[in-house]
Amino acid sequence: MKLCPLPLILISLGLVSCQVPPAVKLPDKPAKTKQFPAMKVQNLNGSLASFPAQFPGKRTLLFVAFDGKQQGIIDEWVQHFPRRDATGTEWLEMPIIPDPGYLMRAFVHHGMRSGTPEPIVRNRIFTIYTSSEAFVKALGLPDIKQVHAVVTDRSGKIMAQVSGEWTEAKDKVLREALAQ
């Protein structure tokens, strides 16, 4: 494991052996079809993954948020898709944060990790450091003002997408796409 080249003050905060998540560069032009773009990302436990190829399920449900204030909406969605769901639904949380640079990525990553004590939950959270607008454009999402729940396969094809708070109708759309 590499040591972070952090200033002494950050080292004193316990960030000596952190792994800094990579920034993600998205294509300038969106795909012609709704598609999750290829990227390398890191979860809060420090594991790197290549998405969409390494999504955990044949179909994976993604909860995408752009603001910390949206966490309550994600938590509401997650209540309807438990971590040990009998249906085998695989889901991930994806906070999208504009890239603040190497040192701040380390600081944000450490803060999010500290605020998420359960390792099983940290395994499901992949922070994507990129332009929010570029991410929305790449996935064909309507905006950054709300949470988006997206079903995708390992090729990145978007099978379904809903936005906002949980409702039975939105839940049904996602579950139908997950069952395909």
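A nonpolar core is a set of buried Ala, Val, Leu, Ile, Met, Phe, Trp, Tyr and Cys residues joined through side-chain atoms within 4.5 Å. Buried means under 20% relative accessible area, exposed over 50%, and partly exposed in between (1.4 Å probe, protein chains only).

This is a predicted model, where local features need pLDDT of at least 70, side-chain atom pairs count only at pLDDT 80 or more, and totals for chains, interfaces and linings use all residues. Residues are numbered from 1 along each chain as its sequence is written, and side-chain values use heavy atoms, with hydrogens and water left out.

**Exercise 1. Find the largest nonpolar core and say which elements build it.**

Step 1. Start with the residues: this core has 23 of them, and those with the most contacts inside it are Phe 36, Met 39, Phe 51, Leu 62, Met 94, Ile 128 and Phe 135.

Step 2. Now look for the elements, remembering that helices (H or I, at least four residues) and strands (E, at least two) are DSSP runs numbered from the N terminus. Two or more core residues come from each of strand 1 (39–43), strand 2 (48–51), strand 3 (59–65), strand 4 (90–97), strand 5 (126–129) and helix 5 (132–139). Helix 5 gives the largest share, four residues.

Step 3. Zoom in on Met 39, using contact in the sense of heavy atoms within 4.5 Å. Leaving aside residues up to four places away in sequence, Met 39 touches Val 24, Leu 26, Ala 49, Ser 50, Phe 51, Ile 128 and Phe 135.

Step 4. Look for a second, separate core: it has 17 residues, including Val 147, Ala 149, Trp 166 and Leu 178.

**Exercise 2. Work out where the buried residues of helix 5 lie around its axis.**

Step 1. List them: Ser 132, Phe 135, Val 136, Ala 138 and Leu 139.

Step 2. Check the arc, taken from the directions from the helix axis to the C-beta atoms. These residues cover an arc of only 165°, so they are on the same side of helix 5. As a reminder, an α-helix has 3.6 residues a turn, so residues three or four places apart point the same way.

Step 3. Find the partners: the buried residues of helix 5 pack against strand 1, strand 3, strand 4, strand 5 and strand 7 (158–163).

Step 4. Follow the chain onward: just after helix 5, Gly 140 takes a positive phi of about 70°.
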